[in-house]
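Me: Can you help me look at charged pairs in this one? I'm new to this.
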Amino acid sequence: GAGPCRGFMLFPSMAAFGLLLSGTPHPPLAVRVRPTMSLDPADWKLLSRRDQVDGALTLAAAEAGTEAQVVTVTIPRSDDAPSLGLLLDEIATSGDAGIVAVEGLVEGGNGEKATAPLLPGDALVAAAEEGKPTTGVSLEGLPFDSVVERLSSLSSAVGVVVSVKRLPRQPPAT
């Protein structure tokens with residue numbers, strides 16, 4: 001029979017998002033979108049380096065000979081407009097590891113005012129308060145909830161310097 005949970009099960013991500021944000025008066029930092037086929041987790045691999053004491057993972061291009069470039073942009077923020085204005089998608093997750101990438105920008109949001117354009121598929125690797133590099137947090141290889149948690153630790157009154165890894169878009173082979 002149809003139990004009372006049925007309607008709830010249709011929206012697991014929305015329910016989780018509500019729980020994630022409950023108890024905070026702030027608007028969401030970033031909007032989580034439902035996974036689409038536009039971002040392919042097969043583009044990336046997560047490397048665990050033995051010399052990383054904290055077990056941090058390094059994000060790298062899956063394709064041999066392809067180097068992901070690190071792009072750093074500053075997104076303006078203020079108390080009036082604390083959101084990053086990014087649509088984020090967790091394109092891969094496994095246990096405590098994950099890859100969170102930009103799916104798009106919120107129209108009219110702060111993400112559109114970044115010092116350089118962020119593109120769909122850019123994977124988040126780090127963030128810091130503008131002018132205060134010591135506030136930096138690593139976002140590399142983390143699942144969505146951990147990324148949001150770490151972004152939340154930064155002051156929303158100042159701009160945020162976001163670093164992403166971007167894969168070169170190669171022209172299709174002819």
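This is a predicted model: local features need pLDDT of at least 70, side-chain atom pairs count only at pLDDT 80 or more; totals for chains, interfaces and linings use all residues.

Me: How many salt bridges are found in the whole structure?
Reply: The search finds 3.

Me: OK, which residue does Asp122 pair with?
Reply: Asp122 pairs with Arg166. Their closest N and O atoms are 2.7 Å apart. Asp122 sits in the loop between strands S6 and S7, and Arg166 in strand S9, so the pair ties together parts 44 residues apart in sequence.

Me: Are those two buried or exposed?
Reply: Asp122 and Arg166 are both buried.

Me: Why can side chains pair like that at all?
Reply: Opposite charges can pair when the charged atoms come close.

Me: Next one. What does Lys132 bridge to?
Reply: Lys132 bridges to Glu129, with the closest N and O atoms 3.0 Å apart.

Me: Switching to Lys165. Which residue is its partner?
Reply: Glu140. The closest N and O atoms of that pair are 2.7 Å apart.

Me: Where do Lys165 and Glu140 lie?
Reply: Lys165 is in strand S9. Glu140 is in the loop between strand S8 and helix H3. So this pair ties together parts 25 residues apart in sequence.

Me: What about burial there?
Reply: Lys165 is buried, with a relative accessible area of 13%. Glu140 is buried too, at 17%. The cut-off for buried is under 20%.

Methods:
Residues are numbered from 1 along each chain as its sequence is written. Side-chain values use heavy atoms; hydrogens and water are left out. A salt bridge is a side-chain nitrogen of Lys or Arg within 4 Å of a carboxyl oxygen of Asp or Glu. Helices (H or I, at least four residues) and strands (E, at least two) are DSSP runs, numbered from the N terminus. Buried means under 20% relative accessible area, exposed over 50%, partly exposed in between (1.4 Å probe, protein chains only).
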